Amino acid sequence: MVGRAGPGARRAAVRIRGPEIFPIDNLISHLRHADLDGDGWEDLIVVNNARSKINLLLNQSGRPDRLEDPLVKLRLNELPPDARFRIESVASEKRIASLVVADLNSDGRPDLAYFGEPKELVVQYREGKQGWSAPKRWSLDDGLLDMNALAEGDLNGDGRTDLVLVGETALYFLAQDADHALAEPERIPYSGTVKAAQILDINGDGRQDLLLVNWDQANPFRFRLQSSSGQLGPEIHFTLPAIRSYWPDDLDGDGKTEVVTIAQRSGRAQISTFRLVPAEGLAGDYLQGQFQLQPLARTTKSSAGDGLGRRERGRPGGSAGGRSRWRSTKRVPAAARRRAGGAADLPGVHGRGRAGGGRLGRRWTARDLPAQRR
C-alpha cells in the first residue's frame with residue numbers, strides 16, 4: 001500500500017506494506033477488477049480453470065464488522081487468506097479462454113461475459129448485490145480460443161456497451177439493443193487473419209473505433225474508424241517491425257490512442273500514435289489515400305503452368321469472393337472507390353509502398369513519439 005503526503009508536504013512519505021495472500025488454485029488467469037456489490041470498493045475477478053469456475057474476491061475494506069469466511073476449510077499447514085477480500089465463486093462449466101467484465105444491460109452493475117470450450121459465448125448479469133442471472137449462451141463454433149479475442153465497447157454509437165468476439169473467418173458483433181439486451185450475433189467480415197480485437201477511440205473524435213491485431217504479419221495493426229452515423233469505415237493498415245507484445249491506451253490524456261509495443265528481436269519498448277497528415281501526389285490527379293495495397297495469401301498454384309497464382313478477390317468489407325488470377329506479387333492493389341469531387345474512401349500508399357490509409361485526400365501515418373516520451 002502506498003501513502004501520499006498532503007498538499008503542503010515537502011517530501012512524500014512512502015511506505016509499502018507486506019504482501020497480502022489469498023490462496024485460490026494454480027492456473028488462475030484473466031485478472032479483472034470492478035465494483036461487483038456497489039459498495040464503492042473495487043473487487044477482483046479471476047478465472048479458475050482448474051475448478052471450472054470464476055473466483056470473486058469481494059473487497060471488505062471499510063467494514064469494521066468483517067469476519068473470516070466460515071466456509072473456507074483449510075488443509076494441514078495451510079494459512080488462511082488475509083481479511084481484505086472475501087472469496088466467492090461463480091460456476092463456469094467450461095475452460096474459459098477470454099473474459100470481459102462490463103455493464104452489458106445498462107443497469108449500472110458489472111456483468112460477466114466469457115468464451116471458452118465448449119465453444120460458447122456466455123453472459124451472466126449481476127442481479128442485486130449478491131446474485132447472478134442464469135447464463136445466456138450463444139454457440140459460436142469458429143470463435144478463437146485466445147485471451148484477446150473478446151472485447152467490449154460502444155461500436156455503433158448508441159451509448160450502450162456491445163460485445164465483439166474474434167472468429168476464424170469473421171468478427172461476431174453483439175449489439176445491446178434499446179431493451180438493454182444483447183442481440184443475436186452479427187458477422188463483420190475482415191481481410192486476412194485477425195488474432196485480437198479491441199474497441200477504443202483511435203482519433204480522439206469521441207467515437208469508439210475497432211482495432212484489429214495480428215502480430216505475425218508485417219501489418220500488425222489495422223483499424224476501422226466509426227463514423228457519425230455509427231458505421232465502420234474501411235480497414236486502415238500500418239506497417240511496424242515484428243512485435244512480441246502490445247498495449248493500446250490513451251497514455252497522455254488527449255483522447256487519442258497510443259500503442260505501446262515490444263519489438264520481437266530487440267525487446268525494446270516503443271510508443272506510437274496515429275495522426276492524419278495531408279496527402280501527397282501519387283500520379284496525375286491521384287493522391288495518396290485513394291488506393292490500398294493489401295497482402296493476400298496464395299491459395300493454390302495455377303494449373304495452366306503459366307506462372308500465374310490464384311488469389312482470393314475481396315468483396316467490399318473484407319470478405320472473400322470468387323477466385324481470380326493475379327500475377328505472383330506480394331501485394332495486390334484494391335480498386336479505389338471515389339466520391340463526387342474526387343474524395344477517396346480507401347486507405348492509401350505511403351512510404352515505400354507499404355499500406356497506410358486516409359480519407360478525403362489525406363492519409364494516416366503511424367508516428368513514433370519523441371524519445372523523451374518512450
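The chain folds into 31 strands and zero helices, where strands (E, at least two residues) and helices (H or I, at least four) are DSSP runs numbered from the N terminus. The model is a predicted one, in which local features need pLDDT of at least 70 and side-chain atom pairs count only at pLDDT 80 or more, while totals for chains, interfaces and linings use all residues. Residues are numbered from 1 along each chain as its sequence is written, and side-chain values rest on heavy atoms, with hydrogens and water left out.

Of the 374 residues in the chain, 40% are buried; here buried means under 20% relative accessible area, exposed means over 50%, and partly exposed lies in between (1.4 Å probe, protein chains only). The chain exposes about 20,700 Å², and carbon and sulfur atoms supply 50% of that area, as computed by the Shrake-Rupley method with a 1.4 Å probe.

In general, strands of a sheet pair through backbone hydrogen bonds, either parallel or antiparallel.

The loop between β6 (111-117) and β7 (120-124) holds P118, and the peptide bond from E117 to P118 is cis, with omega near -5°. The side chain of K94 reaches the backbone oxygen of P118 at 2.7 Å, a polar contact (N or O atoms within 3.5 Å, one able to donate a hydrogen and the other to accept it; residues adjacent in sequence count only if both atoms are side-chain atoms). K94 itself lies in the loop between β4 (85-91) and β5 and is buried, with a relative accessible area of 4%. Leaving aside residues up to four places away in sequence, K94 touches several residues, among them Y114, G116, E117, P118 and E120.

Two further loops carry a residue other than glycine with positive phi. S106, in the loop between β5 (95-102) and β6, has phi near 60° and is partly exposed at 35% relative accessible area. H180, in the loop between β13 (170-174) and β14 (186-189), also has phi near 60°, and its relative accessibility of 35% makes it partly exposed.

Finally, the structure holds six aromatic pairs, meaning rings of Phe, Tyr and Trp (its six-membered ring) with centres within 6.5 Å; planes under 30 degrees apart count as stacked, over 60 as edge-to-face and the rest as tilted. F238 and F274 form a tilted pair, 4.8 Å centre to centre with 45° between the planes. F238 lies in β18 (residues 236-238) and F274 in β21 (residues 269-278), so the pair ties together parts 36 residues apart in sequence. F238 is buried at 2% relative accessible area, and F274 is buried at 8%. Elsewhere, W215, F221 and Y246 form one aromatic cluster.

Note on methods. Contact = heavy atoms within 4.5 Å.
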